[in-house]
Amino acid sequence: MQPDGSLEVENTVRAVLRDVLGLSEERAAAFREDTPLFGALPELDSLAVAGVLTEIEDRLGILIEDDEVDGEMLESFGALTRFAAAKALG
Amino acid sequence: MIESYDWAGGREAMLRFGPDTGPVIIAALPLFEEANRTRAFVVTILRALAERGIASALPDLPGQGESLVPTDRIAVANLRNAFADAARATARRAYSVGIRSGTLLDTSAILAGRWHFAPQTGPELLRELNRVRQTGDGSDFAGNSLSPAFLAELDNAGVEAARTIRLDSDPKDADARFTGAPLWRRAEPDNDPALAALLADDITAWVRACEG
């Protein structure tokens, strides 16, 4: 069972990737748990990562510390969503 | 039309739009990279205001746009004073329109009112600059060399009370919200004429209400 609010977090992360990377609605909607992100999406370079993280912070009202940012959390859509949910939902 | 204005440190360019009479909107772009990402959008808003009979000016501020001032000499006070001098140079009743960190810059000007879209505070900008620096080699901020004094000022740079507009996706307090994507986050500059028209409608109604 998913914790309350996890679908909202997933939708927020999906919308952030769409808005920041300029992806089409269809492309963003097609993201699944195991869809690879960093290294697989050409739009997601290191500067774009900074924008994605800051926008997730603003929309979810969370703070992401620099030492929490690593390749693992950006590996897949599911990993990024789980990281954001753990921060936002506690 | 391209004009210019003088401030204590020199002369900067200023784009002018709309009629020669009536109040004038002085627009402040965000600082640094976000300025490139929102310039076309802001110009679209100012052209839409001109169609609605409202004049505006978009000054280059010291160290921004085409300004020859090097970025490591940027100071919050210089940006604010230059913005105030740009407003004064129009010799008309002025209102500010600030986007993102542009909302930090209208505090010194004598204005009839302030209108802010998606305001970014000084500490929020500082945090973002530090994050951007870490994605590079750590020596500058995405190509901008900034002084330690300026970075320290940002930590205490506040925003004046204003009519505040935000995107639907932004949960912070707002006087009104509109649907759209945060163009200031896009790596490639983009535009949103539909959102620009809605914001121009809001600015027009607000200025007319202030003018009574």
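Select B:Arg88 to begin: with 16 C-beta neighbours inside 10 Å, this residue counts as partly exposed. A residue is called buried if 20 or more other C-beta atoms lie within 10 Å of its own, exposed if 12 or fewer, and partly exposed in between, with C-beta atoms placed from the backbone. The model is predicted: local features need pLDDT of at least 70 and side-chain atom pairs count only at pLDDT 80 or more, while totals for chains, interfaces and linings use all residues. Residues are numbered from 1 along each chain as its sequence is written, and chains are lettered from A and ligands numbered from 1 in the order in which they are written.

B:Arg88 belongs to helix 2 of chain B. Helices (H or I, at least four residues) and strands (E, at least two) are DSSP runs, numbered from the N terminus.

Next, select the strands of chain B that form an open sheet of 8 strands, with the order 1-2-4-3-5-6-7-8 and mixed pairing. Two strands are said to pair if DSSP finds at least two bridges between them. Strand 1 (2-7) and strand 8 (176-178) of chain B stand at the edges with a single partner strand each, so one side of each has no neighbour in the sheet. On average, neighbouring strands are turned by 25° against each other, direction ignored.

Now show helix 2 (residues 76-89) of chain B again. This helix packs on the sheet and touches strand 1, strand 2, strand 3 (24-28), strand 4 and strand 5 (94-99) of chain B. Its direction makes about 125° with that of strand 1 of chain B. Here axes are lines fitted to C-alpha atoms, for helices over the stretch in contact, and angles run from 0 to 180 degrees between N-to-C directions; two residues are in contact if their C-beta atoms, placed from the backbone, lie within 7 Å.

**Strand 3 of chain B**

Strand 3 pairs with strand 4 of chain B in the parallel sense over 3 bridges, and B:Ile25 has B:Ser56 in strand 4 as its bridge partner. Strand 3 also runs parallel to strand 5 of chain B, joined by 5 bridges; there, B:Ala27 has B:Val97 as its bridge partner. By contrast, strand 2 (residues 10-17) and strand 4 (residues 55-59) of chain B pair in the antiparallel sense over 4 bridges.

**Two loops**

Select B:Phe32, in the loop between strand 3 and helix 1 of chain B. B:Phe32 is buried, with 22 other C-beta atoms within 10 Å, and has a positive phi of about 60° although it is not a glycine. Most residues other than glycine have a negative phi. Move on to B:Ala118, in the loop between strand 6 (113-117) and helix 3 (122-135) of chain B. B:Ala118 has a positive phi of about 50° and counts as buried, with 26 C-beta neighbours inside 10 Å.

**Where the chains meet**

Finally, display both chains: 16 residues of chain A are in contact with 16 residues of chain B. On the side of chain A that touches chain B, helix 3 of chain A gives the most, with 10 residues.
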